[in-house]
Each structure stands twice: as C-alpha cells, then as structure tokens.
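Dear colleague,

I am handing over a structure that you have not worked with before, and below it you will find a careful account of what was found in it. Please read the account with the model open beside you.

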Amino acid sequence: MKAAPMQLLADIGGTNARFALHGEGGFACIEVLPCAAYDTLSAAVKAYLALAAQRGFAVGELAHAAIAIANPVDGDWISMTNHHWCFSIAAMRAEHGLATLLVVNDFAALAMALPTLRDGQRERIGGGVESGGRPLGLIGPGTGLGVSGLVPAGERWIALAGEGGHASFAPCTDDEAAILAALRAEHGHVSAERLLSGMGIEAIHRVLAGERLDAAAITGRALAGADPACLRTVETFCGILGSVAGNVALTLGATGGMYIGGGIVPRLGPLFAQSSFRRRFEDKGRLASYVARIPTWVITEPYPALQGVAAMLSAHVAAHH
Ligand SMILES: Nc1ncnc2c1ncn2[C@@H]1O[C@H](COP(=O)(O)OP(=O)(O)OP(=O)(O)O)[C@@H](O)[C@H]1O
C-alpha cells in the first residue's frame with residue numbers, strides 16, 4: 001500500500017520560522033529559517049519547499065498543511081504582532097495548491113504537546129507535586145511572550161489561545177518599579193511582554209545598567225560570570241518570569257503544572273535554575289501554599305510546537321476528510 005503523502009508543518013515566531021514534513025515515520029527535514037530573510041511568509045514557505053525538494057522529498061504531493069503562528073488567529077486575515085508578515089489563509093492555501101491549510105496560535109499548538117513531554121524533554125525547576133488530569137499552564141519568552149493553557153475535557157485536552165503576554169505588567173520590587181516607570185514613559189501601556197522577551201532583557205539592562213546591549217550579549221556575559229550588571233539583568237528577568245508565571249498559574253488554576261517554553265530560557269543554562277524564578281513563582285501571599293504545590297518545568301525539547309500542530313492537523317483532517 002502506498003504511504004499517505006506527507007504533511008507540511010510550520011511554527012512561525014517573530015524571529016524564527018521552523019518547518020518540517022510529517023508522515024507515518026514521524027518528522028523529517030526540520031529546518032529553521034530566519035523570518036527577516038523573507039519579505040513574506042509565502043516566500044519562506046517556497047524556500048523551504050525548494051530545499052525539501054532538493055533533498056528528495058515529494059513536496060508536489062502535499063495536500064494538508066498547518067501553521068502555528070505568534071499572533072491572534074481570528075478569521076482569514078493574519079497579521080503578525082512582532083514581525084511585518086501578513087496574509088490571507090485562503091489565498092495562501094490556493095497559492096500552494098493545498099486541500100487544507102490550518103492556521104492556529106503558536107502557543108495553543110505548543111500547549112497541545114505538553115502532555116506528551118517526558119523526562120529528557122523537560123527539566124524540573126523546584127518543588128511541587130505532579131498530578132494528572134488537571135489544567136496545565138504555559139508561558140514562553142522569545143521574540144514576544146506567549147501564554148496559553150491546556151484544560152482536560154474527558155479523554156481530550158482543549159488548548160487556550162489567549163494573548164496573556166499583553167496583560168499589564170505589575171512590579172514587585174523597587175528595581176521593577178523603576179523599569180515600569182521608564183517603559184511607561186516610552187510606551188504608555190506596559191505589558192509583561194515588554195519585559196519578558198528578547199527586547200525585554202535589553203530594556204531591563206538599559207534601565208538597570210544604563211547600557212545598550214543585545215539580548216544574546218547580555219546573557220552571554222552573564223553566563224561567562226564576569227559581568228555583575230548582566231548577571232543582575234538576567235536575575236531580574238528570571239524573577240519577573242517567576243512572578244508572571246505564578247499569575248498565570250493562579251488565573252488558570254494550573255494545578256497540573258506550569259511549563260516554560262520559548263527560545264530564551266533554555267539559553268540561560270544553569271542561571272535559570274539558580275535564579276529566584278521559583279521563589280517568585282511561589283511568592284503569592286495567602287495563596288503561597290497553593291502555588292507551592294504546582295510543579296514548574298522548562299521545556300528542553302527543541303521543536304515542541306511542531307508536535308502540537310501535527311496533532312491538531314491530524315485531528316482536523318480526520319474530522320473533515
Ligand atoms: N542567547 C540569547 N539570550 C537571550 N535572548 C536571546 C538569545 N539569543 C536570541 N535571543 C532572543 O530570543 C528571541 C527569539 O526567541 P525565539 O527563538 O523563541 O524566537 P521565535 O520563536 O521567533 O519567537 P516568538 O515565538 O516569541 O515570536 C529574540 O528576541 C532574541 O533577541
């Protein structure tokens with residue numbers, strides 16, 4: 001019997017566009033393309049398909065595709081929050097000759113992958129008690145700040161597609177109040193994303209150290225251990241992430257566990273586990289013992305949203321074809 005054609009999957013962030021083919025044998029041809037190198041998402045898709053064709057994959061047979069993307073998905077027109085790409089889903093589907101083009105929020109896709117993560121794909125930070133069948137929370141700093149959750153519904157899970165990264169930032173220390181004041185002067189409304197993202201690390205450093213450095217340089221110097229100002233910036237970032245992750249856990253009742261995704265935290269190496277993240281996660285006044293029972297995990301699996309979007313596409317195709 002001829003194998004079913006492969007499916008095209010993508011996880012599109014503000015900086016990185018991750019592509020893969022998915023078939024009965026699992027994932028193949030995983031590639032990360034820089035968003036900035038392409039004028040449109042369609043151009044990035046074409047570049048990826050050309051690469052896959054060169055490697056001998058039968059991309060002409062593709063019928064079903066799914067894109068997980070970092071912005072709200074509501075209707076046919078998609079416009080990214082942290083990058084200039086925008087497109088019509090129907091036009092993109094027609095252009096690439098696809099029967100199905102499913103477009104979902106990237107953190108909803110990532111949330112769908114959470115129950116499949118095993119030890120080796122996630123690293124535990126601090127205490128808490130793991131218990132199945134309860135809501136899971138998700139937060140992930142990258143170009144932006146993704147927030148989602150996964151709610152059990154009988155045998156199934158339902159992923160939330162919210163925009164919690166844009167909820168207002170609440171400072172808990174004098175340093176954080178100073179950062180809020182500086183950012184409010186620049187932006188007016190200051191969301192959690194303004195601090196918990198690549199641009200956020202840079203902003204924290206600008207305010208606390210009075211120095212303009214890019215995010216990778218700040219964390220690189222902090223990891224090298226010789227730059228106290230960069231260490232302070234990274235420590236402040238981790239503390240804020242603990243506080244905001246605790247807010248998400250409280251808001252969702254995420255008693256099954258709180259997961260940290262996105263590209264930044266895995267790049268902090270041992271600094272994250274050593275930081276005040278977990279103390280700040282638990283620092284919730286009268287509800288401290290409630291959050292202390294919730295385990296927190298860093299996702300270490302490199303392409304978890306692709307797993308989630310593959311599951312969403314399979315369910316969609318099974319329901320519609
Ligand atoms: N070594 C590093 N330390 C800290 N931040 C970094 C490092 N390298 C890159 N970054 C920042 O990480 C961000 C990219 O994160 P990520 O790899 O999660 O991309 P993305 O999936 O495109 O983002 P998103 O899904 O949030 O739109 C950029 O803002 C960049 O400044």
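Leaving aside its neighbours within four places in sequence, which residues is Thr-15 in contact with? They are Cys-35 and Thr-143, where two residues count as in contact if their C-beta atoms, placed from the backbone, lie within 7 Å.

Before going further, please note that this is a predicted model, in which local features need a pLDDT of at least 70 and side-chain atom pairs count only at pLDDT 80 or more, while totals for chains, interfaces and linings use all residues. Residues are numbered from 1 along each chain as its sequence is written. The chain averages a pLDDT of 96, and 99% of the residues score at least 70, pLDDT being the predictor's confidence in each residue, from 0 to 100. The model scores ipTM 0.97 and pTM 0.95.

The annotated site

An unreviewed UniProt entry carries the annotation "binding site" for Ala-10, Asp-11, Ile-12, Gly-13, Gly-14 and Thr-15; such positions are given in the numbering used here, feature names are shortened, and annotations may be inferred rather than shown by experiment. Thr-15 lies in the loop between E1 and E2, and Gly-13 has its place in the loop between strand E1 (7-12) and strand E2 (16-23). Helices (H or I, at least four residues) and strands (E, at least two) are DSSP runs, numbered from the N terminus.

Is Gly-13 buried or exposed? Gly-13 is buried because 24 other C-beta atoms lie within 10 Å, whereas Thr-15, with 17 other C-beta atoms within 10 Å, is partly exposed. By the rule used here, a residue is buried if 20 or more other C-beta atoms lie within 10 Å of its own, exposed if 12 or fewer, and partly exposed in between, with C-beta atoms placed from the backbone. Once its neighbours within four places in sequence are left aside, Gly-13 is in contact with Ala-70, Asp-106, Gly-142 and Thr-143.

The ligand and its shell

How many residues surround the ligand? There are 21, and the closest are Gly-13, Gly-14, Gly-142, Gly-198 and Gly-263; a residue is near a molecule if its C-beta atom, placed from the backbone, lies within 6 Å of it. Helix H5 (198-209) and helix H6 (215-224) each supply at least two residues of this shell, and the largest share, 3 residues, comes from H6. By class, the shell divides into 5 nonpolar, 14 polar and 2 charged residues, where Ala, Val, Leu, Ile, Met, Phe, Trp, Tyr, Cys and Pro count as nonpolar, Asp, Glu, Lys and Arg as charged, and the others, Gly among them, as polar.

Ile-264 is found in the loop between strand E12 (257-260) and helix H8 (270-274), and Ile-264 is buried, with 25 other C-beta atoms within 10 Å. Apart from its neighbours within four places in sequence, Ile-264 is in contact with Pro-141, Gly-142 and Gly-198, of which Gly-142 and Gly-198 are among the residues closest to the ligand.

The two domains

The domain assignment gives domain 1 (7-109 + 304-320) and domain 2 (118-299), with bounds that come from an automatic or database domain assignment. The C-alpha centres of domain 1 and domain 2 lie 27 Å apart, and 13 residues of domain 1 are in contact with 14 residues of domain 2. On the side of domain 1 that touches domain 2, the largest share, 3 residues, comes from helix H3 (residues 106-113), and that side has 6 nonpolar, 6 polar and 1 charged residues. The shell around the ligand draws at least three residues from each of domain 1 and domain 2.

Two cysteines

Cys-29 is found in strand E3 (residues 26-34), and its phi is near 55 degrees, a positive value in a residue other than glycine. Most residues other than glycine have a negative phi. Cys-29 is partly exposed, with 19 other C-beta atoms within 10 Å.

Cys-238, placed in helix H7 (residues 228-252), is buried, with 24 other C-beta atoms within 10 Å. Not counting residues up to four places away in sequence, Cys-238 touches Phe-272, Ser-275, Ser-276 and Phe-277.

With best regards
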